[in-house]
Amino acid sequence: MAADLREDEAEAHVRGVCFKTGPPARTGVELEWLVHDRSDPLSLISVDRLDAALAPVEQPGGLPSGSRLTREPGGQVELSSRPADTLAACVDSMAADLAALRQATDEAGLVLVGRGLDPFRDPPRVLDHPRYRAMESFFDRDGPWGRTMMRRTAALQVNLDAGDDSAGTSGYRFRWELAHRIGPVLVAAFANSPVQGGTPTGWVSTRQAVWSRMDPSRTRQPGHDEDPRAAWTRYALDARLLCVREGPTDSSGVWDAAQPDWSVPGDLTFRAWLRGAPGVRAPTVDDLDYHLSTLFPPVRPRGWLELRMTDAQDGDDWIVPTVLTATLLDDPVAAEAAHAATEPLCEDGDPMPSEEMWRRAARVGPADPVIGEAVRACFDAAAGALARTDAPAALRLAVADFAERYPERGRCPAHDQLDALRRV
């Protein structure tokens, strides 16, 4: 049995595991997809049918580049790439595994849909794991938003190294700040969830609007601190507990998923748990690591940086936010340009955007004049970097084509959905 954890030990652990420094070099991407029936997009997909469709790619070697395939609570599927040493290698490996996944679902009469929110269906929760039962119960206290997030949304996540310990653009302090500054840019440029229940919601990214209504202790950006490690440690320990794992573990320490209830009553934070909570066992390091996995801010440090704010994209448009995000953080000239371009998104001397700016990005997208200008400047910075570094022509073309279709016209993918709805 793991030893109980003291508060100072917890703080040191969070600081040590969440920001691992070193020269930024690797790129990863995680793609979530809604799954629809090709002939009847409004029908729900049974678990048995999805299991049968995914069986070929869940076999050893089924995904040629070794991405990890997982399921989400509402039947969404997710591909998580291995970290790659170059951006081009990341895109190529994900493209290969996505092609295998698409072939498997296509042969089963299913289609992978890249939308931030299911526009018509309201699937039930299909994963009966104590984590998801506790999550649903936790979020239900504050309204329907948690269930919507779990069952109806899909996202695109770019993973990048935290950075080194320098004061420059490769330093983890600068990269942490810039990742947040470009957050509203990514929300706006790739907003792709304007419809729920067949009706426009008034938001171009309803997925982001849903997140903004959920528990702020685990979904908002941390407060600013010159030391991101300190800011994140406070945030993590002051976040409310979503669940406490109970029951026996097997010989390898894996918790028995058949246990009925991991839910926690009240508004207990991890810090309060460390200080002693009546009726709740004392926490361990393993509990802290699990708690960190239940925090969902727009940028989450896990030794690397997860940028989690982007809606899922149709077709192969996932390539564009992957390339844009990695280029803006990893190219020194583009990083400086993006930092300057996002200055108008920050207010009252705060180096990070306000919550209101995140909401404006989700509500209006690049049609907002201030946000739209920042979006276009960031695309220009990335395009310059891609040309300067002789990136593959396919990546440069993908970014240029997307920029012409959307930001340069003050549009985002959500507008295509709204146009299609008006034509019906």
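Begin by selecting F190, F379, F402 and Y406, which ring pairs link into a cluster. The model is predicted, with local features requiring pLDDT of at least 70 and side-chain atom pairs counted only at pLDDT 80 or more, while totals for chains, interfaces and linings use all residues. Residues are numbered from 1 along each chain as its sequence is written, and side-chain values use heavy atoms, with hydrogens and water left out.

A search of the whole structure finds 11 aromatic pairs; rings of Phe, Tyr and Trp (its six-membered ring) pair if their centres lie within 6.5 Å, and planes under 30 degrees apart count as stacked, over 60 as edge-to-face and the rest as tilted. Show F190 and F379 on their own: this aromatic pair is tilted, at 6.1 Å centre to centre and with 40° between the planes. F190 lies in the loop between α7 (183-189) and β6 (195-196) and F379 in helix α16 (residues 369-388), so the pair ties together parts that are 189 residues apart in sequence. Helices (H or I, at least four residues) and strands (E, at least two) are DSSP runs, numbered from the N terminus. Both F190 and F379 are buried, a term that means under 20% relative accessible area, with exposed over 50% and partly exposed in between (1.4 Å probe, protein chains only).

Now select W145 with R213, where the charged end of R213 sits over the ring of W145, 4.7 Å from its centre. A charge sits over a ring if NZ of Lys or CZ of Arg is within 6 Å of the ring centre and within 35 degrees of the ring normal.

Colour helix α4 (residues 130-140), which is mostly covered, eight of its 11 residues being buried; among them are Y132, M135, F138 and F139. The buried residues of α4 pack against α5 (145-152), α9 (216-219) and α12 (285-292).

Finish at A230, in helix α10 (residues 228-238), which counts as buried at 10% relative accessibility. Leaving aside its neighbours within four places in sequence, A230 is in contact (heavy atoms within 4.5 Å) with R15 and D225. A line drawn from A230 to R15 spans 7.2 Å, C-alpha to C-alpha, although these residues are 215 apart in sequence.
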